[in-house]
Amino acid sequence: MAKLKVFDPSAYLTDEEVIAEYLNAALEDPNPDVFLAAVGNVAKARGMSRIAEDSGLGRESLYKALTPGAKPRYDTVLRVLQSLGVKLTVSVA
């Protein structure tokens, strides 16, 4: 029986353009957990400790905020996105 490795998207989030496309695709999903997971994967790719420090959050708080089912505050999400070097924009659908 073949053993399969768990897919880890953070291993493929290597440049800004890929990260932007990944987060935009996650925003299109109506399930907010998809976006939180995507932000978590980007944070993992960049280094959770660094993102926690840059955002002013504790590392444990960062993990909790990006866990599926979490309901992080808007300002928490913004702080994490700013520390990732990305921003949300609004456009006409």
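Is Tyr12 buried or exposed? Tyr12 counts as exposed, because its relative accessibility is 54%; buried means under 20% relative accessible area, exposed over 50% and partly exposed in between, with a 1.4 Å probe and protein chains only. Before continuing, note that this is a predicted model, in which local features need pLDDT of at least 70 and side-chain atom pairs count only at pLDDT 80 or more, whereas totals for chains, interfaces and linings use all residues. Residues are numbered from 1 along each chain as its sequence is written, and side-chain values use heavy atoms, with hydrogens and water left out.

**The aromatic pair.** A search of the whole structure finds one aromatic pair. Phe7 and Tyr12 form this pair, which is stacked, with 5.6 Å centre to centre and 15° between the planes. Rings of Phe, Tyr and Trp (its six-membered ring) pair if their centres lie within 6.5 Å; planes under 30 degrees apart count as stacked, over 60 as edge-to-face and the rest as tilted. Phe7 is likewise exposed, with a relative accessible area of 60%.

**The segment before α1.** Next, select Ala2, which is found in the segment before α1 (16-28). Ala2 counts as exposed, because its relative accessibility is 66%.

**Helix α5.** Move to residues 74-84, helix α5, and select Thr76 within it. Thr76 is buried, because its relative accessible area is 13%. Leaving aside residues up to four places away in sequence, Thr76 touches Leu57 and Ala65, where contact means heavy atoms within 4.5 Å.

**The whole chain.** Finally, select the entire protein chain. The chain has five helices and zero strands; helices (H or I, at least four residues) and strands (E, at least two) are DSSP runs, numbered from the N terminus. Along its principal axes, the C-alpha trace spans about 45 × 35 × 25 Å. Of the 93 residues, 32% count as buried. Among contacts between residues at least 6 apart in sequence, 53% join residues at least 24 apart. The chain exposes about 6700 Å², of which carbon and sulfur atoms supply 56%; accessible areas come from the Shrake-Rupley method with a 1.4 Å probe, and for residues only the protein chains shown count as cover.
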